[in-house]
Amino acid sequence: IQVRFPDLIPNIVDVRQPMEVAAMIARKEFAKKHSIPVVTTMMGLGVIPTMDELNAGMIGQFGNSPANYALNNTDTLIIIGARVADRAVMKPDKVSAHSKTIHIDIDPAEIGKNMEAMVPVVGDVKLVLEKLLEEDITTDCADWTNEIKDRIQESRARAIPPRTDSIGPKKLMLEIGSTAAGFEKIAVGLF
């Protein structure tokens, strides 16, 4: 693992509005331990259960409002095993201007490719997060986390249509997500 923990830890401790972009169990444990809201890229859907209270959803052009709000208002962006594509982060310079970015990836070519990383960490994501979980890191981001949780709940409430004689796609996905809670993988086949 190529990581400068003396540089990494203070950048996690001194935050008020952190957010993870996750593209794995260690990721979920890290978010839970530090109560950090999580957004995903399209490729990262499923790394945290859909109905998890910290899951703000997918970011980007086809993402949802709580996730995009979190991305655009975070003070610290922790990118974990994800690349920053233009469809996920349409204006990376704007995000970089108001947040410090910690980018963890095994591929050094992905770090800083489309968004500058203040703290680049090259290494196996699982090993890096396991190492971070061993550290005594205290954050003070309860207000931010509660704000994002409220936005998630508001968004989920809007996803359910008022009609009782039909079910929309968002409600269907929410029902599948809550019914399948605890399952690691679900496979769907199209014929």
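Ser 35 is partly exposed, at 28% relative accessibility; buried means under 20% relative accessible area, exposed over 50%, and partly exposed in between, with a 1.4 Å probe and protein chains only. This is a predicted model, in which local features need pLDDT of at least 70 and side-chain atom pairs count only at pLDDT 80 or more, while totals for chains, interfaces and linings use all residues. Residues are numbered from 1 along each chain as its sequence is written, and side-chain values use heavy atoms, with hydrogens and water left out.

Ser 35 sits in the loop that runs between helix H2 (25–34) and strand S2 (38–40). Helices (H or I, at least four residues) and strands (E, at least two) are DSSP runs, numbered from the N terminus. Although Ser 35 is not a glycine, its phi is positive, about 50°. Most residues other than glycine have a negative phi.

Ala 157 belongs to helix H6 (residues 142–159). Between Ala 157 and Lys 171 there are 14 residues in sequence and 9.5 Å in space, C-alpha to C-alpha.

The table sets out the accessibility of the two residues.

| Residue | Relative accessible area | Class |
|---|---|---|
| Ser 35 | 28% | partly exposed |
| Ala 157 | 52% | exposed |

The protein chain as a whole contains seven helices and six strands, in the sequence order α-β-α-β-β-α-β-α-β-β-α-α-α. Of its 191 residues, 45% count as buried. The protein chain exposes about 10800 Å², 54% of which is supplied by carbon and sulfur atoms; accessible areas come from the Shrake-Rupley method with a 1.4 Å probe, and for residues only the protein chains shown count as cover.
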